[in-house]
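These are my notebook entries on a model that I went through element by element. I begin with the sheets and then turn to the contacts between the chains.

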Protein chains: 2
Amino acid sequence: MADTLIKRMSTADADFDVALTKLLDWESASNPTVGDVVAGVLAKVRAEGDAAVLEFTQRFDAWQPENAAALEIPSSRIQAALDNIDADVRTALETAAERIRAYHLHQRQESWSYREADGTLLGQQITALERVGLYVPGGKATYPSSVLMNAIPAKVAGVDELIMVSPTPKGFVNEMVLAAAAIAGVDRIFTIGGAQAIAALAHGTESIPKVDKIVGPGNIFVATAKRQVFGSVGLDMIAGPSEILVICDGKTDPDWIAMDLFSQAEHDEDAQSILLSPDAEFLDRVEASILRLLPDLERADIVRRSLSGRGALVLVKDIDEALALSNRIAPEHLELSVDNAEQLLPKIRHAGAIFMGRYTPEALGDYCAGPNHVLPTSGTARFSSPLGVYDFQKRSSLIGCSATGASELAKVASVLARGESLTAHARSAEYRLLGEDDE
Amino acid sequence: MADTLIKRMSTADADFDVALTKLLDWESASNPTVGDVVAGVLAKVRAEGDAAVLEFTQRFDAWQPENAAALEIPSSRIQAALDNIDADVRTALETAAERIRAYHLHQRQESWSYREADGTLLGQQITALERVGLYVPGGKATYPSSVLMNAIPAKVAGVDELIMVSPTPKGFVNEMVLAAAAIAGVDRIFTIGGAQAIAALAHGTESIPKVDKIVGPGNIFVATAKRQVFGSVGLDMIAGPSEILVICDGKTDPDWIAMDLFSQAEHDEDAQSILLSPDAEFLDRVEASILRLLPDLERADIVRRSLSGRGALVLVKDIDEALALSNRIAPEHLELSVDNAEQLLPKIRHAGAIFMGRYTPEALGDYCAGPNHVLPTSGTARFSSPLGVYDFQKRSSLIGCSATGASELAKVASVLARGESLTAHARSAEYRLLGEDDE
């Protein structure tokens, strides 16, 4: 039925709150069997190193590397991929990379310090991570744009060595992904994937170096392996399905809005596309556009399943109510298809990325506007941020007390340490008290 | 035997690398039984709310709250704790709080943006988390300084509501902790703990509000519960035992260095204190100080177990070798008890906090120097940072394309999206291409 392709809702509906909660509900599958399999893979790679990685690669990726050295793609092969891709694709990748780099340069944080009147120095020294692992899924869902978005912030931060891993099922290598890696400055590439790749990066093997942090998306085995190594190695967030929330005043071409919703829905059937508008007649027109344009889409089946299962066109009272709803949803992507979108920013509390105005569809941000497309999903924008240079830098506190500064602080520390019954702390501080002679 | 109290090592030893690796080895106990118990608690609190929290509090904390309302400490009671503590303790807490606040103000990050020549706007909007939960362990290991260190950065960030939870086994309430909470600006306090408190904060109950992030240390049940809610709520790191690495040129009073090592060791028997010095005779003198001063310590038993199990006095070739070792260890606390410590900073890559000079014992940083005492342990300083204001702020990317900017970006996005077979992305971008008439 045409009219059931995408849900229609109104904030005036009596059951709106319940219906919205149900619409947004998403819980990543946690599968005990997967957990056990992954734990076994992690333990074996940790104990046996390369031999285990070779065995799992043969078993899970259906190709047989001759030896551990054959797991690495030589740099000449990576350069060849770059040399051989179509010129227009290479130009597009290079343009995107340059814009991503320029934007991320603004995120680089610098060390800072200040000196108090008595000479005491306080501050933070900021340094880059030494070695980072980048997971890139294999097969058809291999995205060169994702290589750029994950690798460039790391290199801008000053990471010394960036190790990419990507499975090559049945030996299939994606040339555009290799080209993107070359442009982004990836240092080494290994053709491994799954939990065995996460294990190799987290613990190191004879051939694969141990890294300090692992970033990049992956399937349930990869996500479960990341969960299991949590704590021993740095991690990015574990992403849920992608979502977009569009707020439109009713004055954008409805075909544009329909296509913006499609661009999210085509990722996979769990992706979520929601439109909020105070204009009921405009919602009708968008629905008509959806019905008219959908059959012509290459990924029409996925889009249909996504829109009917998780999409909605929602009538709101006004733009303010739409913004309040948006803050409740904390969307990964928020598109403000209105006049003067910038004026709405102070009212937006939680969103991964905010696309302002009718000329800013999410697709531009996905590829080349500059900001990162790795964004917090499933409401986690309430507490997390887009991937950025700051994810590849870390801080060390700096404390350098002058003799007089130490003496003043020691008086306070002594009282508090004794209040906590930590008397060695107190005595350590008290040694630095200046006597009458010293002062 | 006196000479076996603390290990002596030298980087010149043939087996030094192996011995160091063994000394540093630490893996947090993961206990499947605890995992199952915690999963049960989380599920029940999620399903039954307050009723489950009341039941678990009675069972695990050995006191019987009358009803859910009795789980909250009224603000008048908190204020009374502040009014009634000793004046010198109150002054010390207030002085420490003021210094912590002043330091953390330097960490506050501001929104930024820039406009390109064609009018396109790019940037990041930075906002505070709305609601944060602070876990404070109960019983004897309840530290008011920890309340200040966790709460103040959140309030400096602008967090709207800070909810503290702390179990009160057998109904015991720590007055100094309540006073610290009042000074730090904690908004509400609930007397709950364990996995049930983490569950209540992560999912919310009728009486206890759901938070966006949970910070603060806890026992294995708390740590396991945090691991299990990972992803649905923001978390700080899960801390291992505390450690200090002291580098000394041999010119500091050996009693001072011994006491600095004690101040770490007194935390618990798993704490780690290591001294590096190029002066073998100085190591002898520190060892003598340890033997002489130890019997007089209030927590001598814990210190003895910690030093004999995990401590070491290590002879190094020179200060440069000590710094290289420090980068390998990535210590939580690094004390540079040398002349001109600041000049060594460029050589330090990984450390949670760096204490510079003979007048900067770690104890001053633990209480009142200003920087945070919540620091990355067990080598995680390789990829993580001290707790800070940045942990309570998050970013939203800003993208606002002008019509001409969008048209240029659409050309690039179209090529890349088609390269990834995401044609709805391509079409969404292509709608924004300007025709010849528009340009």
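How many bridges join strand 1 of chain B to strand 12 of chain B, and do the two run parallel or antiparallel? I found four bridges between strand 1 and strand 12 (residues 312–315) of chain B, and the two strands run parallel. Within this pairing I looked up B:Arg8, whose bridge partner in strand 12 of chain B is B:Leu313. I noted next that helix 1 (residues 16–24) of chain B packs on the sheet, where it touches strand 1, strand 11 (272–277) and strand 12 of chain B, and that its direction makes about 140° with that of strand 1 of chain B.

Before going on I set down the conventions. The model is predicted, so that local features need pLDDT of at least 70 and side-chain atom pairs count only at pLDDT 80 or more, while totals for chains, interfaces and linings use all residues. Residues are numbered from 1 along each chain as its sequence is written, chains are lettered from A and ligands numbered from 1 in the order in which they are written, and side-chain values use heavy atoms, with hydrogens and water left out. Helices (H or I, at least four residues) and strands (E, at least two) are DSSP runs numbered from the N terminus, and two strands pair if DSSP finds at least two bridges between them. Contact means heavy atoms within 4.5 Å; axes are lines fitted to C-alpha atoms, for helices over the stretch in contact, with angles from 0 to 180 degrees between N-to-C directions.

I traced an open sheet of nine strands in the order 3(A)-4(A)-15(A)-14(B)-13(B)-10(B)-11(B)-12(B)-1(B), with mixed pairing. Its edge strands are strand 3 (112–115) of chain A and strand 1 (7–10) of chain B, each of which pairs on one side only. The twist from one strand to the next averages 20°. Where the chains meet, three bridges join strand 15 (residues 393–400) of chain A to strand 14 (residues 353–356) of chain B, and these run parallel; here A:Ser397 stands opposite B:Ala353.

Four bridges join strand 1 to strand 12 (residues 312–315) of chain A in parallel, with A:Ser10 opposite A:Leu315.

Entry on the interface. I recorded 117 residues of chain A in contact with 116 residues of chain B. The count between the two chains is 17 salt bridges, a salt bridge being a side-chain nitrogen of Lys or Arg within 4 Å of a carboxyl oxygen of Asp or Glu. One of them joins A:Arg99 to B:Glu116, with the closest N and O atoms 2.8 Å apart. Helix 15 (residues 403–419) of chain A gives the most to the side of chain A that touches chain B, with 10 residues.

Entry on a pair within one helix. A:Glu48 forms a salt bridge with A:Lys44, the closest N and O atoms being 3.2 Å apart. Both lie in helix 2 (residues 32–48) of chain A, four residues apart, about one turn of the helix.
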